[in-house]
Structure formats: structure tokens, C-alpha cells
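This report describes selected features of a protein model, from backbone geometry to helix packing. The sequence and structure are shown first.

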Amino acid sequence: MSLRHKIWISILILVLLFTLNSVVIYLEMDDNKEKSQELSEKIAPSLNFLYDLRRNVSERTSLITDWIYNPEKKESKEKLKAFHMESKDLFFEINRIAENYKIPAWQDTIKNISQEFLKQVALEADIVSSLMSLKDYTVDQKINTAKNTLENQIIPLSAYLNKKISGYIRYTTVWRDVESKAIAESTNLIRRLTVLLVLEIFIFGFILSFLVDTILIKPIIEVRDTLNNLRNGIVIKKPVMRGDEIGAIQTAVNGLADRMDEMSSFALSIGQRSFETTFRPLSSHDKLGQSLVTMCNDLKKNIERLEETKKIAGIGYLEYNPATSEIECSNNIWNILDIEKPVIQPTLSDFLKVCSTEDTLVFQIQIRNCLKHDARLDLILPITSYKGGKKILSLSGKHFVTADDLVGKIVMVIQDITERKRAEDELKQAHYQMETFFKNIDDVFFSYDPVTKQLLQISNACEKVYGYTKEDFAESFKLIEEVVVKEDQAYFQEKKLELQIGKPVTFEYRITRKDGKMIWVETKITPSFDVQGKVIRLDGITSDISKRKENEEKLSRTNEDLRKSNSELDKFVYSVSHDLRAPLTSMQGIVELTELETKEQLTAKHMQMLEKSISKLDSFIADILNYSRNSRLDVRREQVNFKELLEDVARELQYMDGYDSALVINNKINVEGIFYSDPSRLRIVLSNLISNAIRYKDAGKEKPFVKINVKADKDSAQIAIEDNGIGIKKELHEKVFNMFYRVSEQSVGSGLGLYIVKETIEKLDGKITLDSAPGVGTKVYIYIPNLHIQN
Amino acid sequence: MDYPFKKVCVIDDSEIDRYIIGSVVKRYCFAGEVIEFNMAQKALTYLEQNQNNPSAIPEIILLDINMPEMNGFEFLEHYKSFPPIVLSQAKVIILTSSNNPDDSATAAKNPLVRVFLNKPLNETKLIKIVSAVKKPSAQTA
């Protein structure tokens with residue numbers, strides 16, 4: 001049952017009791033009031049009246065007695081008269097009182113009393129009226145009647161009334177007493193009930209306090225204590241005893257304690273670098289949980305990164321306990337030492353194993369100093385790892401003491417600097433080499449800072465080149481400009497401007513050396529920039545190029561001479577060839593004419609022989625001309641149209657001896673793209689080869705042919721010239737290309753033809769091969785590269 | 001007699017060559033008349049004098065290249081500024097002993113030259129001249 005219900009029910013019960021109690025009290029009090037009212041309004045006055053009536057009756061009797069026997073007592077007469085005046089009132093009063101008495105018997109009695117009273121009153125009245133004046137008193141009869149009435153009627157009536165009234169008084173008194181008792185009892189009851197009520201209030205308060213205390217306050221205090229403990233980090237759970245709201249609070253607090261436990265063990269595991277936990281945020285609103293998880297992940301990442309970094313940097317961490325000689329190392333140390341992390345507690349000797357004896361000694365001395373004098377431990381330690389690898393380590397350490405560890409520990413950072421050392425050594429060596437190199441080289445190396453306008457360095461060679469020393473230049477860098485000859489100053493300044501905009505420059509100019517001599521120098525300057533693109537450094541080299549200039553001039557002169565002589569030679573060759581050729585053509589013309597005109601067979605025969613000789617001479621001259629041109633002229637690079645070329649050659653050759661319609665010339669041309677070469681040279685080659693094929697055809701063959709196959713692409717051209725002529729013996733395949741070599745006396749040519757072909761092909765960077773068999777034919781293969789690539 | 005050409009002229013410094021050409025032309029009835037000039041300048045003068053006389057202008061000019069004082073190409077330089085009527089009538093054929101490809105290239109570039117031929121002149125070459133002249137474009141042999 002929940003606390004709330006308990007409280008409600010308790011309140012309800014108590015309220016009920018209250019109400020009941022109060023109702024009872026109220027009723028009692030009401031009753032009491034009634035009774036009191038009756039008492040005060042009816043009974044008491046009645047009683048008082050009755051007393052008065054009795055007294056009245058007695059007094060009347062005595063007064064009437066007095067009237068009779070003591071007529072002189074005037075007060076008594078007056079009093080009696082006064083009584084008589086009130087008699088009616090009394091009578092009515094008596095009847096009225098009768099109404100107070102509920103019992104009819106008693107009412108009758110009262111009424112009887114009233115009647116008798118009246119009687120008495122009447123008798124009195126008679127007496128009074130009879131004894132009015134003093135004279136009446138003298139009359140004995142009146143006196144005697146009066147005395148008689150008194151004795152025989154009034155006194156017994158009065159006695160009777162007295163008795164009856166007294167009875168009534170007794171009854172009324174009893175009645176009054178009963179009523180008073182009842183009232184007293186009732187009042188007692190009320191008093192008791194009131195006390196009960198007060199008690200109930202106390203009890204109620206007590207119960208409530210008890211309830212609140214035990215059932216409410218105590219557990220709340222317990223919860224508060226638990227929470228306080230939690231706040232201070234102490235986790236103490238109280239068992240949950242109840243199933244009500246307080247129990248629920250306790251459960252929640254226990255849950256909180258559990259959560260805090262979870263978090264603290266989570267934090268602990270993070271502290272111990274164990275990141276695999278099952279800790280999860282409770283919900284999307286669990287900010288703390290989520291922050292913890294994020295922190296855990298970040299930490300994990302950072303630690304991983306740190307480990308990676310340390311690994312990359314080759315850094316490890318070693319803690320040495322001098323008391324126990326034990327060491328604690330990061331994993332990287334074992335990596336560096338090339339050994340698995342030892343299972344049993346490693347000691348310093350495990351580490352020292354990789355050091356030489358002398359180094360061990362040095363290391364131990366340093367440790368001692370570090371411990372005794374708090375000196376920093378710093379050393380470079382060459383080691384041989386467990387796998388035999390030679391490494392160099394850098395150790396830095398310090399002695400740390402804490403309050404609860406007075407011996408302390410030496411904490412060292414160890415880095416594998418093998419690579420760095422190696423690089424340093426290499427750099428040192430390179431530096432040394434460069435220094436030597438610089439000292440000996442003849443060129444002037446210099447560096448200049450344009451921002452501070454300072455010469456950073458200049459090599460010793462400046463003295464060789466300029467005649468001025470390093471010091472001269474250090475004094476004023478402007479010296480470099482000053483030595484430039486007047487004519488070249490403007491050019492020099494131009495180049496300076498180019499430098500300023502960040503272009504590297506190479507330029508030649510003349511300077512005047514210290515000894516007055518003028519020389520040509522070449523300067524190369526490269527600018528270096530900062531991140532904003534400003535020039536922060538100029539590095540340059542100046543070389544004395546006098547020799548080179550001399551050579552250049554010589555070369556240029558030689559070239560000029562060569563060109564001149566070439567052109568002269570050209571003219572000479574052409575002039576010679578023309579002068580040789582012109583008469584030949586004239587001779588040919590005359591011979592032809594004579595052949596046409598003569599009717600003499602012998603003459604015709606002679607003319608033919610003459611023509612042959614002239615032809616021979618003509619072709620020889622052509623050959624010489626070709627040879628001369630091939631040797632001297634540069635290779636022309638032009639687009640080659642093989643079809644046109646072959647057609648031209650064929651056209652030229654149609655006049656030659658041996659050319660007839662029986663001979664079939666077949667061209668097969670396959671060109672991919674554009675082929676570049678020297679067309680005039682190609683023409684010479686083709687002309688020679690095809691004319692050879694024609695010249696040396698086999699007359700015995702039925703279908704003599706010359707097949708020309710051209711295949712060209714972007715790389716090269718392959719030309720094959722095939723005939724079924726008389727062929728060449730194998731032994732002579734090489735020889736045919738020799739100068740002036742003729743296979744036989746019957747050979748018509750000059751012997752220059754194939755030589756020229758070979759030379760020409762070689763000039764075109766090509767190759768030529770020959771395949772032939774006597775009686776079968778000859779195949780000539782030519783390979784020439786495509787000169788499309790510009791050099 | 002019907003000749004392919006009424007009048008042709010020869011410009012050549014070699015007497016023998018002029019003789020050969022003249023004989024060949026006569027032999028093959030190539031032309032009715034052959035005018036000979038041993039100097040290019042003389043030919044220019046003649047053409048200039050007769051520029052308004054169509055009957056005096058030859059239909060073919062057989063021009064040698066290598067001549068002293070004024071060679072064949074120099075002749076063409078002067079000739080090209082002649083009136084169109086002369087140019088269209090007198091068509092130039094180069095006839096030379098030179099097998100210098102530069103010469104044939106220069107001739108090919110010159111629109112005035114119809115054909116480039118090597119000496120000696122013969123029947124085949126005459127036929128070539130005829131076919132070249134009857135067609136509008138220039139050709140080289």
C-alpha cells in the first residue's frame with residue numbers, strides 16, 4: 001500500500017473519530033443545555049415559589065392569628081392586606097407552575113393546593129371583613145366566629161396546605177436533584193469526551209509524526225545520505241524494503257548509485273587505457289553518458305595517434321626504479337630493441353644488454369649522477385639490438401621523487417635517432433664535399449638577400465674571375481655592378497628588373513677585372529620566394545666564359561668559312577656539271593639527228609655506240625653530282641609524296657637503254673599519315689635502284705618486272721624493290737655497295753650508283769639490305785625513318 | 001602544209017644546240033618557221049619591236065637557261081611585263097641541259113613556263129610540247 005494511501009487513510013480515520021467525538025459532545029451539550037434550561041427555568045423557580053408559598057401560607061396564618069388576637073399590630077394588618085392583594089397572582093402562579101409538572105397526578109395535586117389556597121384566602125377574607133374596625137373586636141361573636149374559623153378551618157387548612165406544599169417541595173427537590181445529577185453527569189461526560197478529543201489530537205499528532213518520521217523522514221534521510229555520499233564519490237546502496245513511493249525513490253537512488261559506479265569503473269578503465277567497455281549512454285538525453293563516451297573515443301583516438309606518432313618518431317618511454325633495478329617501458333622501447341616485451345618483470349640489465357661495456361659504464365655513471373645530484377640524464381647511446389641491428393639512441397632523463405616514494409624513479413625518453421644521425425653525417429659529409437668543391441671550382445657562387453641588401457656569401461673563386469677578393473665584395477656588393485663595362489650596363493639593369501619580378505635569368509656580359517683586363521662572363525641567378533611570393537633570396541653563379549667566347553667566335557668564323565666554301569663548292573659543282581653536261585646533250589642531239597638522217601647501216605651502228613658512250617658519260621657526271629650533293633647538303637625535311645616520286649623517276653627512266661614495254665613496273669604504295677624525308681635524296685636512291693633493276697633485267701625471262709613496294713607510317717618507311725633480273729652472287733652482296741665497284745666488265749654503270757645509294761640512305765639515318773640470287777632476281781630493302789619529329 | 005605551229009623561236013647561246021633544235025623541228029614538221037636568237041636580250045628586243053604585230057610573234061619560245069649576260073630566268077623576268085596579247089601567243093618552253101632540281105623547281109613556280117624539258121630535243125619531247133601547249137596548265141617533264 002502506498003504511502004499516500006496510508007496517510008490518507010490515517011487522516012480519514014482520525015477525521016472520522018474527531019467528527020464522531022465532536023458530534024457526541026455536541027449532542028451531550030445540547031442535552032445538557034436542555035436540562036439546565038429546565039432546571040433554571042422550571043424547576044428552580046417552582047421550588048422557590050413553593051418555598052415562598054409555604055412561607056406565605058404560614059405567614060398568613062400567623063398574620064390572621066395576629067389579626068384576631070393582636071389587633072393592635074398594625075403592620076401585621078398591613079402585611080395581610082398586602083398579601084390579600086397578591087393572592088390572585090399567587091393563585092395564577094400556582095396554576096402556572098402546575099404546568100411544569102408533567103405527571104397529571106402531580107398536576108392535580110397542585111391544582112388542589114390552589115383550590116385550598118383559595119379557600120384559605122377566602123376564610124381570611126371573611127375574618128378580615130368581620131374584624132374590620134376596632135369596634136368589631138368588641139363584638140364577641142365576631143371574635144369568637146373569627147377565632148373559631150381560625151381554629152377549626154384556617155389552621156387545619158394551613159396545616160394541610162403546608163403538608164401538601166412540603167410534599168410538593170420534596171418532590172420538586174428530588175426532581176431538582178435528579179435533574180442536577182443528570183446535568184452533572186452529562187457535564188462529566190462532556191468533560192470526558194473533551195479530554196478524549198484532546199487525547200485524540202495528541203494521538204493523531206503522534207501518529208502523524210511517527211508516520212512522517214519513520215515512513216517518510218527516515219527513508220528520505222537515508223536517501224539524502226546516500227546522495228551526499230554519491231556527491232562525495234562514495235557509493236553505498238541501501239536495500240529497498242518497500243514498494244511505495246519512498247521505495248521507488250530508493251530504487252532510483254540505487255539506480256543512480258549503480259550508474260555512478262558504472263561511470264567510475266568506466267573512467268577507471270579509461271585511466272588504465274582499456275577502451276573496450278560496454279558503457280553506453282542511457283538515452284539521447286543522457287548528456288553525461290554521451291560526453292563520457294565521446295571523451296573515451298577521443299582519448300582512445302588521441303592515445304592511438306600518440307602511440308603512432310611515438311612509433312613513427314621512434315620515441316619510447318622508460319621508467320627506472322633504482323631500488324629494485326626494475327624498468328617499466330612503453331611498447332616502443334621493445335620495438336627499438338627488436339625484442340618481444342618480456343613476460344617477467346624486465347630490469348635495467350635487459351636494457352644494458354644492447355650496449356657495449358664502455359657505454360654501459362657511461363650510462364651507469366650518468367644514472368648515479370642523476371640520482372645523487374639531480375642532474376639531467378643526457379646521452380647518445382650506440383646499441384646493437386637483440387636482432388643485431390646497429391642503432392643510435394638518444395636518451396634524456398630526469399629523477400622524480402614523490403611524497404610517498406622518496407627513492408623516486410628515473411624517467412627517460414628514448415628516441416631512435418639512427419636515421420637522423422645518418423642523415424646528419426651524410427649532410428656533414430656533403431657539406432665538407434661542397435666546401436672542397438667550392439674552394440676548387442673556378443666559378444663564383446654567391447647568395448644575396450635583396451631585402452636586407454646583404455651579400456650572404458661569395459665563393460673564393462671570385463678572386464680568380466674578378467680579381468677582387470671576398471672582402472672587397474663583402475664591403476660593397478655594388479662592386480658586382482660596377483665592374484660591368486659601360487656598353488653592357490643597360491643590359492645588366494634590364495636583367496636586374498627581370499629578377500625583381502621573380503624570373504630566373506641567364507645572361508652574358510663583359511666586365512673589367514681588377515687588373516684592367518676585359519672578359520666575358522656568364523651569370524645565372526635564381527630567385528627564391530617566401531609564401532607571399534616576395535623575393536627573399538638570390539642565388540647565382542658567375543663563370544668566366546672568355547675561353548668559350550673565343551671558341552664561339554672561332555666556330556662562328558669557321559662556320560662562316562665553311563658556308564662560304566660550301567657555297568663556292570656548290571657553285572663550282574653546278575658550274576662544272578653544267579659545263580660538262582651541256583656539250584654532252586649537244587652531242588646527243590647531233591647523234592640523234594645523224595641517226596635519223598643516215599641511210600648507212602654502219603653509220604647508224606656507229607651512232608648507237610656513240611650514244612651509249614655519251615650516256616655513260618652523262619650518267620657518270622650525274623652520279624658525281626649526286627655524290628657531291630649528298631655529302632655536303634643538309635638533309636631536307638619535306639613531305640614526301642611517294643606516288644609522285646615514283647612517277648617522276650619512271651618518267652625519267654623511260655629514255656634509258658633497256659627500258660621497253662615488255663618490262664612491267666609495278667608500284668604498290670601504302671602510306672599512313674604524312675611521311676617526312678628528303679625527297680631529292682629519295683629520288684636519287686629510287687632512280688638508281690630502279691635503273692639498276694631495268695639495266696640488269698634478265699632478257700631470257702618472259703615477263704621481266706620491277707616491283708616497288710612502299711609501306712610508310714609515322715615512324716618509318718620500308719621500300720622494297722624487287723626484280724627478276726640476272727641477280728648477284730652471294731659473295732658479292734657486300735661488295736656491290738663499294739665505291740666504283742662494278743660486278744663485271746659488262747656492267748654499264750659507273751660503279752658509283754649503289755655506293756651513292758648507300759651513302760644517301762645513311763645520310764637519311766636509314767638502312768639498306770640486299771637479297772639476290774643469280775638467275776632469280778634481286779630484292780633491295782630500304783628502311784628510312786620518318787623525319788617528322790622536329791629537333 | 002599544215003604545221004602545229006606557224007612560228008617558233010629558239011633562244012640558246014650554243015650554235016650546235018640551235019642547229020639541233022632547228023633540224024629536229026624541221027624534220028618533224030613541228031613549225032613553219034624557226035627564228036633563232038643567240039642572246040636573250042636580242043629576243044626581248046625583237047618581241048618588243050613586234051608586240052603589235054601578231055604575225056611576227058612566235059607561238060612557241062624554246063628557252064635555254066644557262067646563257068651568258070642574261071640567262072633564261074632573267075629573260076622571263078623581263079618577259080612577264082610584256083603585254084598580255086604577246087604572253088598568250090608566245091608560250092615559253094624551257095629546254096635545257098641542266099638536271100639541277102633547283103632549276104626545274106624555279107621553272108615550275110613560274111607560270112609563264114609551260115614545260116621544262118631536257119636537251120636534246122626529239123620527237124617525243126615535241127609531242128609533249130604540243131600536248132602541254134594545247135592544255136592551259138603548265139607541266140614539267
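Between which strands of chain A is the loop that holds Lys453(A)? Lys453(A) is placed between strand E6 (444-449) and strand E7 (454-458) of chain A. The model is a predicted one.

## Backbone geometry

Most residues other than glycine have a negative phi, and most peptide bonds are trans. Lys453(A) has a positive phi, near 55°, and is not a glycine. Lys453(A) counts as exposed because its relative accessibility is 60%, where the cut-off for exposed is over 50%.

In chain B, Cys29(B) also has a positive phi, of about 50°, without being a glycine. Cys29(B) sits in the loop that links helix H1 (15-27) to strand E2 (31-37) of chain B. With a relative accessible area of 29%, Cys29(B) is partly exposed. The peptide bond from Lys119(B) to Pro120(B) is cis, its omega being near 0°. Pro120(B) belongs to the loop between strand E5 (113-118) and helix H6 (123-134) of chain B.

## Architecture of chain B

Chain B contains six helices and five strands, which follow one another along the sequence as β-α-β-α-β-α-α-β-α-β-α. Of its 141 residues, 52% count as buried. Among contacts in chain B between residues at least 6 apart in sequence, 66% join residues at least 24 apart. The accessible surface of chain B is about 6,700 Å², and carbon and sulfur atoms account for 52% of that area.

## Surroundings of Ser98(B)

Ser98(B) is located in the loop between strand E4 (91-96) and helix H5 (101-109) of chain B. Its relative accessibility is 8%, so Ser98(B) counts as buried. Apart from neighbours within four places in sequence, Ser98(B) contacts His578(A) and Arg581(A), together with Asn66(B), Asp103(B), Phe116(B) and Asn118(B).

## Helices of chain A

Two packed helices are described by the angle between their axes and the distance between the axes. For helix H1 (residues 3-69) and helix H2 (residues 74-98) of chain A, the angle is about 145° and the axes are 10 Å apart. The crossing of H1(A) and H2(A) is left-handed. Residues making this contact include Phe49(A), Leu53(A), Leu63(A) and Trp67(A) of H1(A), and Leu80(A), Phe83(A), Leu90(A) and Ile94(A) of H2(A).

A nonpolar surface patch of about 400 Å² is formed by Val195(A), Leu196(A), Leu199(A), Ile203(A) and Ile207(A). Ile207(A) is part of helix H5 (residues 140-231) of chain A. Ile207(A) counts as partly exposed because its relative accessibility is 34%.

Conventions: Residues numbered from 1 in each chain as written. Chains lettered and ligands numbered in written order. Predicted model: local features only at pLDDT ≥ 70, side-chain atom pairs only at ≥ 80, totals over all residues. Heavy atoms only, no water. Patch = residues over 30% accessible without salt bridge, like charges linked within 9 Å, V, L, I, M, F, W, Y side chains within 5 Å. Areas by Shrake-Rupley, 256 points an atom, 1.4 Å probe, with all protein chains shown as cover. Salt bridge = Lys/Arg side-chain N within 4 Å of Asp/Glu carboxyl O. Helix = DSSP H or I, 4+ residues; strand = E, 2+ residues; numbered from the N terminus. Buried < 20%, exposed > 50% of the residue type's maximum accessible area, 1.4 Å probe, protein only. Axes fitted to C-alpha atoms, helices over the stretch in contact; angles between N-to-C directions. Left-handed = near helix turned anticlockwise from the far one by under 90°. Contact = heavy atoms within 4.5 Å.
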